[in-house]
Each structure stands twice: as structure tokens, then as C-alpha cells.
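I opened a new notebook page for this structure. My plan is to look up a handful of residues and write down what turns up.

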Amino acid sequence: MSKPNLQRWETSFQDNKISVTNWWNWSLQVSADLYINGELVDSSDGAFPDINKPLLKAYEYNETIESLEVFIAGTFSVKISIMVNGENIHQDSLNFLDRLILRFLN
């Protein structure tokens, strides 16, 4: 299956490789996947996720990752924030329009 508009983010946390992928098309088909060390641990196909809740998550994955949460936002492009054990380890920069719209949605 083709994955148009595919985006990938990769980071690491204490010897764990964390990957997030997201794709969408104009028919509002959407998919997001969370991988830890190459293993798919969560996925979502919600076209309009709640920005106040993690879109993807994994809990008690191993002794170093008690919790991993991925939040999604963005106006014209997808931006993510990755939190591991309550610590923000990756955050895409939000532009002025992103911040303005998020203020109205909260």
C-alpha cells in the first residue's frame, strides 16, 4: 500500500531507538505508528486526534521506558512531541499559526 505524505521522526533514549511515522492522503486516510527498537508498539488511524491526549503511547516497555507518549499538532504540517518517563526528548517547533490555533483548541 502506498503511503503518501509520509513523514518519519527518529530519536533515541538510553540505547532505545524510537521511531514515529505518519502518512495521510486527501481522502482523509491517516495512519501513525510508533516503533521502539524496530518493534511496532502502537498505531492510530484517527483523522482528527485530540491534541490534549497522546496519539501514540507505550507503557512499561522495558526497564528504561516506563512511559512513552507521542503528541501531535500542526496546522499545515504534522509536528510531534515525544515524552519518555515524563521528560520531553523531542519537540518540533511550532510556528505562529500553529500556536495561535492550538490556543483556540485548548
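I began with tryptophan 26, which counts as exposed because its relative accessibility is 76%. For that label, exposed means over 50% relative accessible area, buried means under 20%, and partly exposed lies in between (1.4 Å probe, protein chains only).

Before going on, I noted the ground rules. This is a predicted model, where local features need pLDDT of at least 70, side-chain atom pairs count only at pLDDT 80 or more, and totals for chains, interfaces and linings use all residues. Residues are numbered from 1 along each chain as its sequence is written, and side-chain values use heavy atoms, with hydrogens and water left out.

**Entry: aromatic rings**

I looked for ring pairs next. Rings of Phe, Tyr and Trp (its six-membered ring) pair if their centres lie within 6.5 Å; planes under 30 degrees apart are stacked, over 60 edge-to-face, and the rest tilted. The count by this rule is one aromatic pair. Tryptophan 24 and tryptophan 26 form this pair, edge-to-face, with 4.9 Å centre to centre and 90° between the planes. Tryptophan 24 is partly exposed, because its relative accessibility is 26%.

**Entry: the loop between strands 2 and 3**

I then checked asparagine 25. Asparagine 25 sits in the loop between strand 2 (16-24) and strand 3 (30-36). Strands (E, at least two residues) and helices (H or I, at least four) are DSSP runs, numbered from the N terminus. Is asparagine 25 buried or exposed? It is buried, because its relative accessibility is 16%. Its side chain makes a polar contact with the side chain of glutamine 29, at 2.5 Å. A polar contact is a pair of N or O atoms within 3.5 Å; within protein, one must be able to donate a hydrogen and the other to accept it, and residues adjacent in sequence count only if both atoms are side-chain atoms. Leaving aside neighbours within four places in sequence, asparagine 25 is in contact with Pro4 and Asn5. Contact here means heavy atoms within 4.5 Å.

Leucine 28 is also in the loop between strand 2 and strand 3. Its phi is near 65°, a positive value in a residue other than glycine. I marked leucine 28 as exposed, because its relative accessible area is 51%.

**Entry: another positive phi**

Most residues other than glycine have a negative phi. Glutamine 14 has a positive one, near 45°. I found glutamine 14 in the loop between strand 1 (7-13) and strand 2. Glutamine 14 counts as exposed because its relative accessibility is 52%.

**Entry: charges**

How many salt bridges does a search of the whole structure find? It finds one. A salt bridge is a side-chain nitrogen of Lys or Arg within 4 Å of a carboxyl oxygen of Asp or Glu. The partners are lysine 17 and glutamate 10, whose side chains meet at 4.0 Å, N to O. Lysine 17 is partly exposed at 44% relative accessibility. Glutamate 10 is partly exposed too, at 49%.

**Entry: leucine 56**

Leucine 56 lies in strand 5. I call leucine 56 buried because its relative accessible area is 0%. Apart from neighbours within four places in sequence, its contacts include Val20, Ala32, Leu34, Leu68 and Val70. Leucine 56 and glutamate 66 are ten residues apart in sequence and 14 Å apart in space, C-alpha to C-alpha.

**Entry: aspartate 45**

Aspartate 45 is in the loop between strand 4 (39-44) and strand 5 (56-59). Aspartate 45 is exposed, because its relative accessible area is 64%. Not counting residues up to four places away in sequence, aspartate 45 touches Val30 and Ser31. From aspartate 45 to tyrosine 61 I noted 16 residues in sequence and 22 Å in space, C-alpha to C-alpha.

**Entry: lysine 79**

Lysine 79 lies in strand 7 (residues 79-84). Lysine 79 is buried, because its relative accessible area is 13%. Its contacts, leaving aside neighbours within four places in sequence, include Phe71, Asp92, Leu94 and Asp98.

**Entry: helix 1**

Last, I looked up leucine 100, which is in helix 1 (residues 96-105). Leucine 100 is partly exposed, because its relative accessible area is 32%.
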